[in-house]
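Opening the notebook on this one.

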Amino acid sequence: MIGLLLRRLAQLPLIVVVIYTITLMLAWLVPGNPLENPEGRQPPPEVIEQLNRQYNLDSFPRFYFTYLDDASGFSWLRDAASGRLGDAADRAQAEGVAPPERYVFDFGPSLQYDDWNVNEIIAGALPVSVALGAAAMVIALFIGVGAGVVGAMRPNSIADLATLAVALIGISLPSFVIGTVLLLGFALLVPLFPVAAWGTPRSVVLPALTLSLPFAAYIARLTRMGLIESLGADYIRTARAKGVRESRVLLKHALKNAFLPVLSFLGPATALAMTGSFVVERVFAVPGLGQHFVAGVQNKDLFLIMGVVLVFSTMLVLFNLAVDVLYRFVDPRIE
Amino acid sequence: MSRALLPVILLLGLVGLAVLTDRPPPRADLVMYNGNDVNTLDPQRMTWMPDLRIARMLYEGLVRNDVLSDGFDIVPGAAERWEVSSDGLTYTFYLREEAKWSNGSPLLASHFVHGWRRALLPDIGSKYIDFVLTIRGGQDFYDWRAGMLAEMESGEGEKPFADGAAFWGETERKFFELVGVEVRDERTLVVTLERPTPHFLDLCAFMTFAPVYSPLLDQYETPDPVSGRLDRRTGWTKPGRLVSNGAFELTGWRFKRDMRLEKNPHYWNADEVALRSVSIPSIGDPNTAVLAYETGAVDFMAEMTAGYRGELVDKKKAFYAEHADEVARMRELGLDQFEIDRRLPDDPRKDIHAVPAFGTYFYNFNCLPELPDGRPNPFHDALVRRAFAMVIDKRAIVDEVRRVGEPVARTLIPPRSVGGYAGPDGIDALSDARTPAERETIVNAARALLAEAGYPDPANDFPITVELLFNKDSGHDLIAQVIAKNWSQHLGVSTRLAQKELKVFREDLRKRNYITARAGWYGDFGDPTTFLDLLHTDNGNNDRGYSSAAYDAMLAAAQLEMEPDRRMRMLADAERFLFEQEMPMVPIFHYATVYMFDPDEITGLTTHPRTKQVISLIDVLGDGIGPELPRPMHASRPGMAVLDGAPATGGTQPAHNTDGDNGDGA
C-alpha cells in the first residue's frame, strides 16, 4: 500500500512535466500576441516589445525554463535555502515597502488581468469549483445509483426503460440547455433559487444539479450493468437460498460488487467536475476555474493557461490515486 | 456498504465547508452589471470600457466632463480652476484645497505627476501612452529610459549606472529635466505641451491622466537593485489597500465574482453623491445577466449584449408607437430619451434603452498597392473602393441584422458627437435610395466607377475573389453575408467569407493579410482627431495601409491652426476628402449602446453619444438617499463648453437626442 502510494507520487512530477511541455508548445503556437488589444486602440509597438521582454514572451526556451523553475517550486527552494528570500523580505520591511510576492509554486502574472497573478486567480476559483463539483458528484451518485438499482431489479420493465431513457437524455442534452431551462423554471417563473449570486447554499443547487446530470446518467448505466451481472452470480443464488431478504441481497451483496466500475469512474469524473465546467459556470455565473481554461486560451494568456493546466493535471493524477486506495477498502482482494 | 458511503460523506463535507465559509455581502444601494469583471484598476494601464467605467468612480482627474450637458462640458474636478497660455501650450492647474484621498490625506500636484510619469515609463507599458505624449518631451523621456534599460540589462559593455538605485534616481531627475511638467507648489501644476492640443483638457478627464497615491505606489513599484527596472507587484489595487480620490472607494473585489464600492467620505464633493454603496456582480453570460435584471438582482445593466436585445428594442418601439403623440410632443420640448421614458406610463417595456454611442462599425479595404500574395490590389484604387462602398445596403444591416435602431453611417465620426464639429455628408449608398429607379441609378454609378477603373465587366475582368474577413461571434457573420451578397449581386464580383478567431483576425489585420475586413472604432476623447488620426500614414492603428500625402498634410495643417472654428472646418474637409473621394473604409453604422434600467427608479445617466456614464451621478429614486429628483440632460453652461482648450463661450451645441434617427429608433 505504502509502496503503491510512493511509486505513484514519484510518477506525478514526470507526468506533469510531460503535460506542461506539450501544452506550452501548443499554447505558444496559438497565433496572436496576448499583449495586443483584440479590438480598438493598439499600444505602440515599442511598448509591446518592452512587455514581451519583461514576460519572456520573445523566447520559447527562456519562457519554458523560467516558468518551469518558478512553477515547480525549485526557484523558491533555491532562494529560501540561500537566504535571498529572507533578505528581500527584510529589505522590504526596512524600506517600508510591500514584501515581494513569492509563492512556492509560482504560476506568474496574468497577462490579461493586470492586477492578479495566476496563484491568486486559482486560489479564488478552485474552492468554488471544488464545492460545486463535490455537490454535483453527491447528486450524481444518489441519482445514478438509485436509477441503476431500480433498473436492475426488473430489467426491461417500464421502470427500467424509463430510467434508461432519462439517462440517455441526461447524457445527450448539453448543459447550457438544461441549465437555461432550470434557470427559467426555478429562478424566473418560480423564484425558488437566486440568479448569479454564488455563495449561499441555495445558489449551489441548480448549477450542481445541471453539472451532475451527465455524470448521473453514466453512473446509472454502470450500476445497472454491474448489478444485472452480479445478480446472476452464484453467491447471490446462495444468499437467496439461505433466505436473505431481497433488499439485503441487492444492497449488501450485489451492489458491493456492482459498485466497483462506478468507483473507478468516480476518480477522473470527480477531478473533471471539480476543476470546473465552463458552460455551467457561465450559465449560472459561478466564479469557478472552468472559465479560466477558456478565457486563458482565448486571450493567449500563457501564464493562466499553464497555471490551470498544471493544477488540473495534478488533481487528475491525485484523484486517480485516491480511487485506487478506495478500491482496496471496498474490495480487499485487489492488490 | 457503509465503507462505500465514505466518498459521499467526504464530498458532502467539502460542500458544507465551502458554502459555510463563503457568505455574500448585503445588497448595495445600486447593483450594476458591468460585464464579466474588469481587467485592471490601474488607471495608467487600463484600456477597456468596463474598466474605465469603474475607474471614473474611483479616481478623479484634474477636470471632469459634465456628461449630462449637451456639450459634454469640461468642469472643474480635482482642480478648481486653470489657466491656459495664449499660445495654447502651457496649462496651469490649481488643485482645490479640500481635495483628499480616501484615507484622508491631501491630494497633491505631485500625485498627478506620479501618475503621468508612470504612463510614460517603458517599465509600466501603458497602452494609452500616446495621450501622455502630448506633453512636451514625453517621447524623449521614454526613449532615454528605454535605451538606458536596454544597456543596464544587456550582458556586455560598461553599465551606465553603478546600480539600480542610481539609475532610478537619475530617472526621476531626468523626468523633470525633459518633460514639460512642473510642480510649482503643493497644489499648483504647470504643464507644457509639445504642440497646441485643443482637446488636452478632455484628455485630462481621461483616466490615463488620473493621479496615484504615491506613498502606496512607492511600496509596490520599486526599482530592481541591479537593473533599475521597476519591479511591479500586483496588490495595490485590491480592497483595503487601494487609495482613491474619486467619489467611491473599493471595499471588496473577488476576481470574476463581485466588486463592491462604497462612498468615499473624504471626497470633496461627497454631499452630491446619492449612493452609499454599489455592488458589481461579475456575470459571464449576457443571457444570465438579463435574468438577473429581471429577477431584480441587478438594477442597472451598463451594457446589454444578449442576442435577443433586438426583440426587446422592438417591444420598446411598439410601446412608443402606443404613445406616439406624447412622445412626439416631449421630443419637441427637447426632453432627453430617459426623461421621456420617465414621463410615460409605467410599463416593463420601458426598461430597455438604446442610446447612440461614440463609435462606428465599418469595413476596411486593404489599400496597399499589392495584396498579401503579391498580386496587384484593385482596392489600391479609390474608384474601386467607392464603387464597392456604394452598393452596400446599410439599411438592411441596421434594420434586419442589428435591430437596435442604430443610425446608418455615411462618415466615420458619429454626427453631433463632438461639439463644434459639423462633419461632411459622405456619399449615397444603396440604402439611401427610396425607389427602385434610384437604386438602379446608384448601382449604375458604381458600375461606371468600376469601368473607369478598368473593369467594365467586373463579373469577368475583376481580377480577384473579394474576401470578407471577420471574427467569430457577435453576429459579424450575418453582416458579412449581407455585404457579400450586395457586392456579388450588384457588381457581379465573386466573394468569399473568411471567419476567424478574434486573435487570429487581429493578427491578420495588423499584418494587413486581408482584402476587406470588418472593424469598429470608439472615440476616446472629444475631438475629431480621435477618429481621423486612424487614417494617418504613420498611425499605429492604420490597419488599412492607407497612405495619402494630401490627407496627412490636411491633418498637419489643422494641427497648426489655432482658431477653433477654422480648425474644425479644416478637419471636416479632411473627413470629406476621406468619405467623398478616398473611401479607405466603408462606414456601415454608428453603434448604439443598449442599457437596461427602470427610468422611474434610476436617474443620472447620460444620453450623450460620447458613451461615458458616470455612476456617481446616479440617484436611485425612492430610496430616500440624495435629492430624489430626476437628473435630466441640460444645455451647456455658458463659459463651460470647452472646444478649444480654454474656457470659452458655449451653449450653442445642437441637442443630440431630439433626432428621431438616433435613440430608440422610434
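Before looking up bridge partners, I note the pairing rule: two strands pair if DSSP finds at least two bridges between them. Also for the record, this is a predicted model.

**Sheet in chain B**

I started with S6(B) and S7(B), residues 188-192, which run antiparallel and are joined by four bridges. Looking up Val183(B), I found Leu189(B) in S7(B) as its bridge partner.

Then I zoomed out to the whole sheet. It is open, has four strands in the order S4-S5-S7-S6 (chain B), and the pairing is antiparallel. Strands S4 (79-84) and S6 (181-185) of chain B are at the edges with a single partner strand each, so one side of each has no neighbour in the sheet. On average, neighbouring strands are turned by 20° against each other, ignoring direction.

What packs on the sheet? I found helix H3 (residues 109-120) of chain B there, touching S5 (90-95), S6 and S7 of chain B. The direction of H3 makes about 165° with that of S6(B).

**Cores**

Next, the nonpolar cores. The largest has 264 residues, and the members touching the most others are Ala136(A), Met306(A), Ala292(B) and Met301(B). Helix H6 (residues 118-153) of chain A gives the largest share, 22 residues.

I picked Met306(A) and listed its contacts, leaving out residues up to four places away in sequence: Tyr20(A), Thr23(A), Leu24(A), Tyr67(A), Ala71(A) and Phe107(A). There is also a second, separate core of six residues, including Phe319(B) and Leu335(B).

**Helix pair H20/H21**

In chain B, the axes of H20 (residues 549-560) and H21 (residues 564-582) come within 9 Å and cross at roughly 165°. Angles over 145 degrees count as roughly antiparallel, so that is what I call H20(B) and H21(B). The crossing is left-handed. Among the contact residues I noted Tyr551(B) and Met554(B) from H20(B), with Met570(B) and Phe577(B) from H21(B).

**Positive phi**

- Asn156(A) has phi near 65° and is in the loop between H6 and helix H7 (158-172) of chain A.
- Asp37(B) has phi of about 70° and lies in the loop between strand S1 (30-33) and helix H2 (49-58) of chain B.

Buried or exposed? Asn156(A) has 9 other C-beta atoms within 10 Å, so I mark it exposed. Asp37(B) has 23 within 10 Å, so I mark Asp37(B) buried.

Definitions and conventions. Residues numbered from 1 in each chain as written. Chains lettered and ligands numbered in written order. Predicted model: local features only at pLDDT ≥ 70, side-chain atom pairs only at ≥ 80, totals over all residues. Helix = DSSP H or I, 4+ residues; strand = E, 2+ residues; numbered from the N terminus. Axes fitted to C-alpha atoms, helices over the stretch in contact; angles between N-to-C directions. Contact = placed C-beta atoms within 7 Å. Core = buried A, V, L, I, M, F, W, Y, C linked by C-beta atoms within 7 Å. Buried ≥ 20, exposed ≤ 12 C-beta atoms within 10 Å, placed from the backbone. Parallel < 35°, antiparallel > 145°, perpendicular 65-115°, else oblique. Left-handed = near helix turned anticlockwise from the far one by under 90°.
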